[in-house]
Amino acid sequence: MANDSLAVFLSIPEKQYAIGEAVPVTIEIRNLSAQPIWFVGVMDGSEEGVRYPKYAPQIVGPQAMPPAEPLECGLVSPLRMKDFSLLPPGQGFDPTIGQNGATYFPLRKFTEFRPPSAGRYEFSLTVSTLSQQEEEWLGWPEYDEKAAVLQRLTEVPRVQLQSNVASIEVR
Amino acid sequence: MSFDPNASGYDLEIQEQELDVETVAQLQREEANEEALADAVESGEIAEQPATAGPVITLAKRKVSGRYRGAVHNSQLELRVDVDGTRPMKRISGDLYTISGATTTYNGSFRVDAPTITVTTSEVKIEGTGSFSYTTAFNKIRVTLPRVTVLQPPAAATVRFFNAAGAAGAVYNCPFVSAFFRTVQLEQDRVTGTTLFTSYNTGALPHIGAARNLSVVSAYAEAGIEMQLAGVSNIVPPAGAGPDLKWTDSELHNAMVTNFSLWKNVPQWKTWLFLATSHVNGYRGIMFDYYDPAGNQRQGCAVFHNEVGGTSAEIQRAMLRTYVHELGHCFNLLHSWDKGRAGALSWMNYPWRYAPLPPQPGGEAAYWAKFDFQFDDGELIHLRHGFRNAVIMGGNNWAVGAGDNDAQDFAEAVEDNSGLKLEISARNRFAFAEPVVVELKLSTTDMRGKVVAPYLHPKDGLVRIGIRKPNGNVVTFRPLIDHCVEERTVTLDASSPSIVDSAYVGFGNDGFYFDQAGTYQVRAIYQAMDGSRICSNTISLRVAHPVTATDESVADLFLGEEQGILLSLLGSDSDFLKKGNDAFELVLDKYAKHPLASYAELVKGMDASQEFKRITPDRKIIVREPCYEEATRLLSSVADGGEIDRVTQAMVTYRLAQTQEAIGDEKAAKSTHEKAARKISAVRGTGS
C-alpha cells in the first residue's frame with residue numbers, strides 16, 4: 001500500500017452491489033512524508049502501460065474478466081507542467097480527476113466495470129513511476145514545455161505503489 | 001489576430017443545416033442586431049421586446065463557397081471562400097505562392113476570421129482584416145463574387161488587398177477551381193490477409209442525424225476536404241513487422257517509405273493509410289510519423305486489423321471512426337481533450353472519453369447517441385482555413401501550429417527545373433553553446449553548364465537559412481552584417497560542377513539561434529540568377545545538454561553577445577568587444593583541452609593573423625600589426641583540429657600558410673598551401 005513517502009488507497013462506498021451495477025471506486029494517492037511531493041495522475045496511455053506513470057487497475061472476480069480494451073490511438077497526450085500535482089505533507093489527491101488544468105484520465109477498467117455475475121470481487125491498483133528513461137513520461141518527442149517538464153520530473157519520487165484490496169459482494 | 005487550431009472556445013454544437021449565402025448574411029445581421037438589442041436592454045435604453053424572425057429569401061443561385069485560384073505576375077493566390085453550403089465557417093482564407101523561373105514556392109497564408117458578408121441579387125461581397133503568416137501592410141481583404149444561377153458556370157472571385165489607409169494593393173482575378181476547400185491524395189496499403197474498410201451506414205445503429213453511407217472519402221467530403229484515392233495500393237507482406245509480426249513505429253515508418261508510392265520527404269497534399277495487423281503496444285491506430293525530427297512528419301498513419309477488424313455494425317462504426325481519426329492527425333488535428341474540448345462530438349474524441357459539461361452524461365453510450373460523424377467547428381476551421389504548413393502533410397512538425405513569420409524559409413519548391421542543386425551539411429551533434437557552422441554546396445545537375453553568382457554565404461544575400469527550433473518555431477538566420485557583392489558569375493559544368501562555402505549561423509541579428517538543447521532542423525534557399533529558388537535538403541542537428549560542470553562553465557563563456565559577434569566576425573580588437581575577448585582568453589587559459597577551445601583559438605588566431613585599425617576619438621588611425629607567430633601557433637591547432645567544419649578548416653589552413661609565409665617559413669607555407677588545396681578539393685568532391 002505504501003512506501004516511506006507515498007501510499008495509494010482504494011475505497012468503495014458500499015459492500016454490496018447488484019449484477020450490472022456500476023461500482024464507484026475512489027482512489028487517493030497520499031503524501032506520507034514531511035515534505036511536499038510532486039506527482040502525476042493518470043495520463044493518456046497510463047492505464048494501458050504505454051507511458052509513465054503507469055496505473056494498472058486489477059479486478060478479480062468469480063469468473064475471468066474480459067480482456068482490457070486496446071488503447072484507441074498511439075499518439076498519447078504530452079505531459080505538461082499543469083499535469084504535475086503538488087501534494088503537501090499529509091495530503092492526497094485523486095489521480096483520475098485533474099485539478100488546475102491537469103488532463104487526467106479515468107481508469108476505464110474501474111469506470112466501465114459492471115459485475116457480470118454474483119460473487120465476490122476484489123479491486124486493487126498498482127502505480128509505478130519506475131521509468132528507465134524520462135522520455136517514457138513525455139508522450140511526444142518534442143514540445144515547448146519539454147525542458148521544464150524534464151526538470152520537474154527529477155522531483156517526482158520513483159516508486160511502485162500497491163493499493164489495498166477493496167472488495168464487494170455482488171448479488 | 002493569431003489562430004491556434006488547438007485552442008479551446010469553438011462552438012461544440014454542430015449546425016446541420018445547409019445554408020445559402022443570404023441566410024448566412026441574414027443570420028450575421030440578426031446576430032449583430034441581437035447583440036445591439038441586448039446591449040440596449042442591458043443599459044436600460046429600451047424595454048425588452050419579443051423576438052421576431054426575419055424572412056429568408058431563397059433564390060436558385062449557385063453557392064459561392066469553394067476554392068478559387070488566380071495569378072498576378074509571378075504571384076499565385078489560392079483562395080477559399082466559406083460562407084454558404086454545409087456548415088459554413090464564415091471565413092475566407094488563402095495561400096500565396098511565388099512562381100519564379102522554373103520553381104513554384106509557397107510564400108504564406110492568410111485568413112479572415114470574422115468578415116462582413118454583404119449579399120445583393122447580383123453580388124456577394126466579403127471583406128475584413130486578415131491574419132497573415134507573414135508581415136504585410138495590405139492586410140485588409142475584399143472578395144467579390146458575381147452571383148450566377150445554378151445553370152451557369154461558377155463565376156470568378158475578385159480579391160483586392162488594401163492597407164489601413166484604404167490604398168489599394170494587389171488585385172487577383174481567381175476563377176473557380178472546386179467546391180472543396182482542399183484536395184488530398186490518399187494512398188491505402190494493407191498487410192496480406194487484411195481487408196480495408198469501405199463504408200458504414202450510419203443508420204445501422206441508433207444515432208442522431210440523417211442516415212447515410214459513409215466512407216473515409218465521404219466523411220472528409222462532408223468536412224469540405226476532397227480525398228482522392230491515388231497511388232499504387234500495395235499488399236505488404238507481414239515480414240515488415242519483424243519476427244513478432246507486431247509493428248513498431250519505426251517499422252511502420254519504414255513501411256511507409258518503402259510502399260507509399262507517392263511519398264517524398266517534402267510537404268505535399270498526399271497521405272498514406274496503412275492497414276497493418278497489430279502494433280506492439282496494442283493500439284487501434286496511430287499516426288506514427290511524429291517523432292522523426294529530420295523528416296517531414298504527418299505523412300502516414302496506420303490502423304490495426306487485429307484490434308479494429310470485424311463485420312458487426314458496432315465494429316464497422318468504430319472502424320470508420322478510427323480511420324478518419326488517424327487521418328485527422330495527418331492534418332495536424334490533436335485529440336479533443338488536448339484542445340480543452342473533452343465534450344466535443346468529434347472524430348477526434350474517444351467515445352469513452354467523451355466528457356461534456358455536467359449534468360450532461362458522458363462516456364461511450366452518450367457519445368454514440370449524439371455523434372453525427374463529423375469534426376467539430378474548430379477542427380473544420382483548421383482543415384479548411386489553417387495556414388497551409390500547419391495542415392499540409394509534411395509541413396509543420398506534429399502539433400506545431402501556424403503563423404511563424406519565417407516559416408516560408410522552410411518552404412519547399414513545389415517544382416524545381418532549375419538545373420541546380422543546393423546541399424547543406426553539418427555535424428549532426430553539437431555541444432551546448434558550440435558554434436553551429438553549416439557547409440553549403442551548390443552544384444549543377446545540367447552538365448551543359450549553368451551560370452551562377454558564386455556567393456553562398458548568407459551575408460552576401462543570395463542564400464537564406466531557415467532554422468526550425470526544438471519547439472517548432474521557425475526563424476530565419478539574419479547575419480550581423482549584409483555584404484553588397486559584385487556582379488560576378490561563374491559557370492558550373494562538368495569540369496567545375498560545384499562551389500562551396502561555410503557559414504557560422506549560431507549568432508546573428510536575433511542573438512543566438514541554437515540556445516537550447518534539442519533537435520533543430522536547418523534548411524537553405526539559394527536565389528538563382530533566373531529567379532528560381534533552389535531549396536536545399538533539410539538537415540537535423542542535435543544540441544546536447546552540458547554534461548559536466550566544465551561544459552557548463554565553458555558554455556557560459558561562449559554564450560555572450562560579444563562572443564557571438566566575435567565568432568561572426570572571426571575576431572576583432574574592438575574595445576566594444578573586450579568582454580567577449582576576455583571570455584575567449586579565459587577559455588584558452590583555463591579550459592585549453594576542452595573541445596570548444598578550438599573555436600576560441602579560431603577567433604583569436606584569425607584576429608592575430610591580420611592587422612586591426614582603430615580610430616581614436618581625435619580621429620587618428622592606430623594600426624595594430626599582425627601577430628604572425630601567435631597566429632601561427634593558434635591556427636596550427638585549428639587547422640588540424642577535429643571540431644571545426646571542413647570549409648573553415650580549409651580557410652584557416654590557407655590563412656596559416658599566409659602567416660607562415662609572412663614569418664619567412666616558406667617550406668612550411670608551401671606544404672600548408674598544398675594541404676589547404678587538398679581540403680577544399682575534398683569538400684567540393686573533385687578529388688585532389
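This is a predicted model: local features need pLDDT of at least 70, side-chain atom pairs count only at pLDDT 80 or more; totals for chains, interfaces and linings use all residues.
H12(B) is mostly covered, with twelve of its twelve residues buried. As for its length, the twelve residues of H12(B) should span 16 Å at 1.5 Å a residue, and the end C-alpha atoms do sit 16 Å apart, so the two values agree.

The axes of H12(B) (residues 597–608) and H13(B) (residues 628–639) come within 8 Å and cross at roughly 145 degrees. The crossing of this pair is left-handed. On the H12(B) side, the contact is made by Ser598(B), Glu601(B), Leu602(B), Lys604(B), Gly605(B) and Ala608(B); H13(B) brings in Glu630(B), Ala631(B), Leu634(B), Leu635(B), Ser637(B) and Val638(B). Sorted by class, that makes six nonpolar, three polar and three charged residues in the contact of H12(B) with H13(B).

Helix H11(B) runs over residues 578–590, and its 13 residues reach 18 Å from the first C-alpha to the last, close to the 18 Å expected at 1.5 Å a residue. The buried residues here are Gly580(B), Asn581(B), Ala583(B), Phe584(B) and Val587(B). They cover an arc of only 155 degrees around the axis, so they end up on the same side of H11(B). Over on the other side of H11(B), Lys578(B), Lys579(B) and Asp589(B) are exposed. As for what the buried residues of H11(B) pack against, the partners are helix H9 (549–558), helix H10 (561–569) and H12, each in chain B.

Stepping back to the whole of chain B, the secondary structure comes to 15 helices and 38 strands. Of the 688 residues in chain B, 47% are buried. If one takes the contacts in chain B between residues at least 6 apart in sequence, 65% of them join residues at least 24 apart.

Chain A has three helices and ten strands. Along the sequence, the elements of chain A come in the pattern β-β-β-β-β-β-β-α-β-α-α-β-β. Buried residues account for 40% of the 171 residues in chain A, and among contacts in chain A between residues at least 6 apart in sequence, 79% join residues at least 24 apart.

A residue in strand S3 (residues 26–31) of chain A, Ile29(A), gives a local view. With 24 other C-beta atoms within 10 Å, Ile29(A) counts as buried, because the cut-off is 20 or more. Leaving out residues up to four places away in sequence, Ile29(A) touches Leu6(A), Val8(A), Phe39(A), Gly92(A), Phe93(A), Pro95(A) and Val127(A). Ile29(A) and Asp94(A) are 65 residues apart in sequence, yet their C-alpha atoms lie 6.4 Å apart in space.

Finally, the two chains meet. The contact takes 18 residues from chain A and 28 residues from chain B. On the side of chain A that touches chain B, the residues divide into nine nonpolar, three polar and six charged.

How values were computed
Residues are numbered from 1 along each chain as its sequence is written. Chains are lettered from A and ligands numbered from 1 in the order in which they are written. Axes are lines fitted to C-alpha atoms, for helices over the stretch in contact, and angles run from 0 to 180 degrees between N-to-C directions. Helices (H or I, at least four residues) and strands (E, at least two) are DSSP runs, numbered from the N terminus. A crossing is left-handed if the near helix is turned anticlockwise from the far one by less than a right angle, and right-handed if clockwise. Two residues are in contact if their C-beta atoms, placed from the backbone, lie within 7 Å. Ala, Val, Leu, Ile, Met, Phe, Trp, Tyr, Cys and Pro count as nonpolar, Asp, Glu, Lys and Arg as charged, and the others, Gly among them, as polar. The expected span of a helix is 1.5 Å times one less than its number of residues. The arc is that of the directions from the helix axis to the C-beta atoms.
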